[in-house]
Amino acid sequence: MKVMISEDDFRVANLHEQFLNTIEDIEVVGKAANAEETIALVEEKQPDLLLLDVYMPDELGSHLLPRIRDKSPQTDIIMITAAKDKETVEHSLNYGVVDYIIKPITIERFQKTIEEYKKRAHILNKTEEFSQETLDFLLNQKEENKEEEVPKGIDPLTLKKVEQFLTSEEAGVTAEQVSERMGASKTTARRYLEYLVSINTAVAEMKYGRVGRPERKYYPY
């Protein structure tokens with residue numbers, strides 16, 4: 001994932017870069033110190049994500065939003081700024097920024113934001129047809145407490161065990177493997193795995209071997 005930083009304070013820009021370097025699958029492709037550099041670099045690098053400050057020496061970062069959309073429509077934007085006035089916040093939200101973080105920022109908040117963005121991007125790249133649950137997650141309407149909202153037939157403690165097993169297996173798991181681990185039927189294991197897919201904790205793919213039927217494997221997001 002290509003990430004660009006637009007920040008006029010080089011110390012803050014370097015700090016953001018250090019934060020990003022602690023997160024897997026992230027490449028910092030450029031740093032801009034003013035509005036002019038920001039537009040030029042966005043057009044050249046076409047980043048997946050831009051971390052954008054508002055207060056820059058030549059123009060407000062929030063005023064760049066329509067030009068950024070024009071130069072690189074696929075670039076998502078996270079505002080990281082001290083600006084918290086109503087006009088700037090509303091203007092930024094109206095242009096669809098995916099997050100708005102007020103300085104000073106902690107590494108925990110920064111990492112959480114980037115990890116959630118990565119998950120969101122992964123869902124958009126992998127999904128061909130969206131469920132309401134997936135759209136709720138993408139639109140930040142996901143409920144925080146999964147245990148309180150699990151449907152009938154899903155035990156929260158069993159669900160947690162299945163999720164832990166899933167995340168420990170990078171090569172993916174099948175319903176059969178999970179059923180053996182749970183000591184339950186393959187149908188029960190599949191029900192838990194499909195529920196994890198529905199709440200965007202897992203993704204399912206069909207794997208085709210040389211012989212026999214295709215196998216449905218589940219991977220953590």
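Start by selecting Gln18, which sits in helix 1 (residues 10-20); helices here are DSSP runs of H or I with at least four residues, strands are E runs of at least two, and both are numbered from the N terminus. A quick heads-up: this is a predicted model, where local features need pLDDT of at least 70, side-chain atom pairs count only at pLDDT 80 or more, and totals for chains, interfaces and linings use all residues. Residues are numbered from 1 along each chain as its sequence is written, and side-chain values use heavy atoms, leaving out hydrogens and water.

Gln18 counts as partly exposed because its relative accessibility is 49% (buried is under 20%, exposed over 50%, partly exposed in between, with a 1.4 Å probe and protein chains only).

Next, show the open sheet of five strands, ordered 2-1-3-4-5 with parallel pairing (two strands pair if DSSP finds at least two bridges between them). Strand 2 (27-32) and strand 5 (99-102) are at the edges with a single partner strand each, so one side of each has no neighbour in the sheet. Zoom in on strand 3 (residues 49-52) and strand 4 (residues 76-81), parallel and joined by four bridges. Leu52 stands opposite Met79 in strand 4.

Last stop: helix 8 and helix 10. Select Thr158, Leu159, Val162, Glu163 and Leu166 in helix 8, which meet Tyr192, Leu193, Tyr195 and Leu196 in helix 10 (contact means heavy atoms within 4.5 Å).
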